[in-house]
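Visitor: Could you walk me through this one while I look at it?
Guide: Gladly, let's take it step by step.

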Amino acid sequence: MSVYEAGVPIEDKRRAREAAHSMFEWRGFSKDDIARIIGAETQYDRLVCMYFVQLFDFAGRGIVSALRLFLSRFSLNAEAQEIDRIMYAFATHYGEQNDSNYSVDALHALSMSILILNTDLHNPNNANRMKMSTFISSLTALNDGADFPRPLLEGIYNDIKSNQILPAGASNGTPDIKNKASSKLSAPFTLQRGRPSSILDTFFLGERLGPATLQETLLVKNERWSYDTRAPKGKRRWKRLHTALCGSYLIFHKPIYEPQSQADCSQNIYDALILRHVFARRALEYTKRDHAFQLTTSTGRRVILIASSINVVAATTSAPPLPTPATSSKASLRRPMLPTSKSSETLEEQVERYRNQLHHLKDQFEEHRDTRRDIALNDRSKLKDWQDRYFYLELELERIATYFDILNEMHLAEDAMTKGLASSMEETAVYDNRRRDRFLGINQHAEAQVSWPKVFLIQVDIIQLFLTMSP
């Protein structure tokens, strides 16, 4: 008897088995619902997860082949902790069906590393793809203190590199839009002719596009494709694009294809960005134009917009990061995996998470800053590693501080409204100025580049705050 079955009434076990079978056969559940259910923390949900995983036959399959089969039945759009629980259940069942020499913990670590490798190698915005040596070193000593056989890891790397593990319902780089019963997409997404098909990867989560809450024709310019790769000179020209903010997506169209309705937003797309974990701030280094904002995505892509800030959307929808992959090199910078799935946390839980992240990042930043004096000026390799980590931590510290300030103010305002308190006009003005300084930086000689709304509409489930450009 499994630990999750202990003490569970027979009727609850029966219901759990029925739920598992229904999910496996997509009866009453879509592929996008399953991960949230089987990844939950309650004993009953873990029992459902165990029964669901046991419906798969992994016998005689390699671990990559088993993962492909497993992930073909549902979309892994869940929080970091939920993904971790799901993959642990997968590792347990895989080990039971295959006379494996590896423990469940070792198979779990290997499975999570495969997911990270799959995302790293096939992310269209990642120009600095993970090398085989890096993948192998990231798994050092994770086989219960020993290393995995090198031929095994080399085979996994080559398999993933040549054949991506696609999300459930996707093939050949485009979402599956034929099965409308299991898709949340309101309409097929089409690209403007000549645009790369990799742009469609943005919509692999299968989320319905929210209504366009902000539409404006903006000047847009690419600066970097990733943290380590600058956009080619010919790709850094300004373009005038119609921009629509649809839920968590920023969708761009050439003016000739400007959407006239909600359905038009998904047609003839020029470019698209998902706003999870992005950070928008004043482009202080860019002085050729006024009112320029720099938007940095989770993969390091950097875009300059003559537009408003979108940090509120990012702060309220970004899910917790996955753990940073292990590496044998202390100098090597390994950024944490940032899920593109939407956060299911409450506002209070988000505030607490960002508060803890902020304290942790401050400690990391101060500790790393103090190590500078130990590096010789002529040691260029170590100096470069130190600078890369310093600038990464500096940006993360500013991003998380901004997210925390935004959500903490929302939380306080929500509490104030619940208690029937009202802020004075003087307090509101101070609040506006503080928020403006957070986004723009303190510049006493420059005129304010953002006009702030006088009324904040605070609702129970979601808070929409849009900042418009001043003429």
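**Salt bridges and a helix contact**

Visitor: What is the N to O distance in the salt bridge of Asp12 and Arg15?
Guide: The side chains of Asp12 and Arg15 meet in a salt bridge, a term for a side-chain nitrogen of Lys or Arg within 4 Å of a carboxyl oxygen of Asp or Glu. This is a predicted model, where local features need pLDDT of at least 70, side-chain atom pairs count only at pLDDT 80 or more, and totals for chains, interfaces and linings use all residues. Residues are numbered from 1 along each chain as its sequence is written, and side-chain values use heavy atoms, with hydrogens and water left out. For Asp12 and Arg15, the N to O distance is 2.9 Å.

Visitor: What separates Asp12 and Arg15 along helix 1?
Guide: Helices here are DSSP runs of H or I with at least four residues, numbered from the N terminus. Helix 1 covers residues 10-24, and Asp12 and Arg15 lie 3 residues apart in it, so they are separated by about one helical turn.

Visitor: Is Arg15 buried or exposed, or in between?
Guide: Buried means under 20% relative accessible area, exposed over 50%, and partly exposed in between (1.4 Å probe, protein chains only). Arg15 has a relative accessible area of 38%, so Arg15 is partly exposed.

Visitor: Which residue forms a salt bridge with Arg355?
Guide: The closest N and O atoms of this pair are 2.8 Å apart. The partner of Arg355 is Glu352.

Visitor: Are Glu396 and Arg399 buried or exposed?
Guide: Glu396 forms a salt bridge with Arg399, with 2.9 Å between the closest N and O atoms. They sit 3 residues apart in helix 11 (residues 380-418). Both Glu396 and Arg399 are buried.

Visitor: How many salt bridges does a search of the whole structure find?
Guide: Beyond the pairs, Glu11, Arg14 and Glu18 are linked in a network of salt bridges. For the whole structure, the search finds 13.

Visitor: How is helix 4 oriented to helix 8?
Guide: Helix 4 (residues 63-71) and helix 8 (residues 150-162) pack at an angle of about 40°, with axes 10 Å apart. Axes are lines fitted to C-alpha atoms, for helices over the stretch in contact, and angles run from 0 to 180 degrees between N-to-C directions. Angles under 35 degrees count as roughly parallel, over 145 as roughly antiparallel, 65 to 115 as roughly perpendicular and the rest as oblique. Therefore helix 4 is, relative to helix 8, oblique.

Key: Helices (H or I, at least four residues) and strands (E, at least two) are DSSP runs, numbered from the N terminus.
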